[in-house]
Amino acid sequence: MPLEFRAIGKEFPGVRALEDVSFAVGEGSVHALMGENGAGKSTLLKILSGAYRADSGEIILNGQSVSFATPVAALEAGVAVIYQELHLVPEMTVAENLFLGHYPAAGGWIKRAELRQRAVEIIGRIGEAIDPDMKVGNLSLAQRQMVEIGKALSRNAQVIAFDEPTSALSAREVERLFEIIADLRSQGKIILYVSHRMDEIFRVCDALTVLRDGRHIETFKSLEGVLPGVIVERMVGRTIDDIWGYRPRAHGEVVFNAQRITGPGLAEPQDIQVRAGEIVGIFGLVGAGRTELLKALYRGVPGCGGRIEIAGTPVRAGQPRDSIAAGIALCPEDRKKEGIVGLRSVLENTNLSARRNHALAGVVIDERWERSNAQAQVDKLRVRTPSLQQPIGLLSGGNQQKVILGRWLSEDVRVLLLDEPTRGIDVGAKREICELMYALAETGVGIIMVSSELPEVLGVSDRILVMRQGKLVAEVRREEASEASVLALALPVGEEAA
Amino acid sequence: MSRLWQQAGMLLVLTLLLVLSAAFVPNFTKWENVKGLLLAVSLVGMISCTMLFCLAGGDFDLSVGSTVALAGVIAALVINKYGNAPLALMIPIAAGALIGSVNGFVIARIGINALITTLAMMQIVRGVAYLISNGSSIGVFDKGLTGMATWSFGGLQASVYYMIALFAAFGFLLNRTVFGRNTLAIGGNSEAARLAGLPVVRTKVLIFMLQGAVAAFAGVILAARVSSGNPDTAKGLELQVISSCVLGGVSLTGGIGTISGMIVGVLIMGVVQNSMSLLNIDAFWQLVASGVVLLAAVMLDRLKSQKA
């Protein structure tokens, strides 16, 4: 086999991301990589591409053991990985991006004409009408993805890995992508394809490997006769019902009432109400404005408007500080950038917001309270950390998320806004976070949860709101919701798709 | 644990330097020399207290050297005109606080980066110092003012005590107050801090205001000590101060910094310069050596943090 993973292992502080993963990929085939979030798919791709280094094991490419120190080294050896977050330079043109790092040049001077001509050639192979002189920053997300694929082509890559390539594409663009992939396969490329979408897997893939909790579970050499249910069962390792462990609860009065909310990324003013003890899930595709809505509810960005009431009392509309004072808390989508202060300890991160309420005259901190509060939250949420002094950046994603939740538990929270609360968290911790949501809701907290994972939204929410292109478009009761019906509501329709 | 090792690492360097200096530098261990060394680091030491906050908060301040000079000049002008020593202390401090507030406001509220803002302020303040002094030093002869810097106790001069007092005060601020903890959180991740409800702009303005006030205080004490307000003084001081902080393990990108580490950094810088002076090494070479020490220390630090 031209590409083989042998006993790959990788550990991060607090998590074993990969353990003894071995499988082989044939050329001229599309090999799917499936598994839940946190199963280790992205880590494996990052090791393949040289972004991470494996702690153990080896990658065999064309009979030779390879280990790339950097993504550039991997590219030069013919291994290209196309990530969800694209790696393009927005201020440079399409042509420049396509050949970034290996411009046709003579004596340090870029040969502009040749660059442009070769760019046109590559674009022709992708079959997308993109102007090579256009700045990448002005392209649509889908076009940028095509440029990213073009980059792999320009390197004449032998191995091309796609990490959830369709999550931001329209139906028409997905078709185009599949054509390109089929074309690459016929050229004998080795293609890895990471996706959650079962229908896509069965359309484009020849073989499939399932990972779970960092381990290799099974490789199907052919997908013929394999039932989707079997694959799901391998992925989750249990029946689907008990991942979320949903339990019904009584709802109280309306605790959170937001009227005519406006903000960046919202197409028109939005209304949303949550009852005490209710969990409202918001589902939408990438770019539908889910995160933007939560940020506007929290006043987390400048330029938000509208009226918010907590249990009938108007909230001063200002900054996050005012929202927190009124009992509104946010767990942001991007934990590393917006949630934690990675360099500082678990103790500091836990007490970040609440400490001033417990400080002497609001100035001198109460060290005893800080320690006991942090310890209490760590115990209650079962945060796995060597000590309270451990820098939080060294903990696993799940434990970081628990600390952020713990931060709000030491405040008087009436409404909790959760943006992708279980993204990048392993299965066990995921369940714990869901349990915590139920426990909070049972005490009368209203919860709004945003997720891009449909099963999660369906599994956890009492009521589901669907967002599409910057506005809430539908409301579905838990009992009436199915994956197909909610997804259909979230997809762009008619003239909107253009 | 790695932080302990990090600090212990620089403490080790300081110990090594002290042992080597004691062994090979004549007169290094003499009490007279120790007094001189402490006096020599007092200016940098005082200003390092607030620079630590600036750096830990994710910014830095290049205007402190100019502020020192301007404060000295203002103090000299005020004392010569009104003969009132408390006034000659307070007016420069107020001016320093104002300079710092402007820095802080421009950086935190308007969002101009700290390098450009404080570089511009460094030139503006230096220019003003030249303007109001007509470009030359102004003598300070009032006993009330010079007395603030020339008293001594147990053989150590006033400046050393001021430095120690500021170490204690800012140590308390950093470790025991909401302001200090917020500073580190903002420096570590200002967006996360903002979303957690921390007053990012207010904290940064306060940091820079304190920085300006402390630099001005140090400037008045310097002028009182040398009996002159000199618009030319303290050029390049900002770099010495930043160097000392970085030597003391304060992160240039924010989020990490301790008072104890900073003190070690100040002492390392001081011992190196003192030893070279005692060895009669040419002043130009001293400059080169200071740079080399800084580079070496920072690289050592990097090496360690990569291993950790």
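The largest nonpolar core of this predicted model has 181 residues, and those with the most contacts inside it are A:Leu417, A:Ile447, B:Ile47, B:Leu52 and B:Ala75. A nonpolar core here is a set of buried Ala, Val, Leu, Ile, Met, Phe, Trp, Tyr and Cys residues joined through C-beta atoms within 7 Å. A residue is buried if 20 or more other C-beta atoms lie within 10 Å of its own, exposed if 12 or fewer, and partly exposed in between, with the C-beta atoms placed from the backbone. Helix 10 (residues 200-226) of chain B gives the largest share of this core, 18 residues; helices (H or I, at least four residues) and strands (E, at least two) are DSSP runs, numbered from the N terminus. If neighbours within four places in sequence are left aside, B:Ala75 is in contact with B:Ala88, B:Leu89, B:Pro92, B:Leu145, B:Val220, B:Ala223 and B:Gly229, where contact requires that the C-beta atoms of two residues, placed from the backbone, lie within 7 Å. A second, separate core of 67 residues includes A:Ala54, A:Phe99, A:Ala152 and A:Met235.

The domain assignment of chain A, which is automatic or taken from a database, gives the two domains listed below.

| Domain of chain A | Residues |
|---|---|
| Domain 1 | 3-239 |
| Domain 2 | 243-497 |

The C-alpha centres of domain 1 and domain 2 of chain A lie 32 Å apart.

Helix 4 (residues 112-126) and helix 5 (residues 141-154) of chain A pack at an angle of about 115°, with their axes 10 Å apart; axes are lines fitted to C-alpha atoms, for helices over the stretch in contact, and angles run from 0 to 180 degrees between N-to-C directions. Helix 4 of chain A contributes A:Ile122, A:Ile123, A:Arg125 and A:Ile126 to the contact, while helix 5 of chain A contributes A:Met146, A:Ile149, A:Gly150, A:Leu153 and A:Ser154.

A:Arg215 lies in strand 12 (residues 215-220) of chain A, and this residue counts as partly exposed because it has 16 C-beta neighbours inside 10 Å. Apart from neighbours within four places in sequence, A:Arg215 is in contact with A:Glu19, A:Asp20 and A:Val21.

Between the chains, the contact takes 25 residues from chain A and 18 residues from chain B.

Residues are numbered from 1 along each chain as its sequence is written, and chains are lettered from A and ligands numbered from 1 in the order in which they are written. In this predicted model, local features need pLDDT of at least 70 and side-chain atom pairs count only at pLDDT 80 or more, whereas totals for chains, interfaces and linings use all residues.
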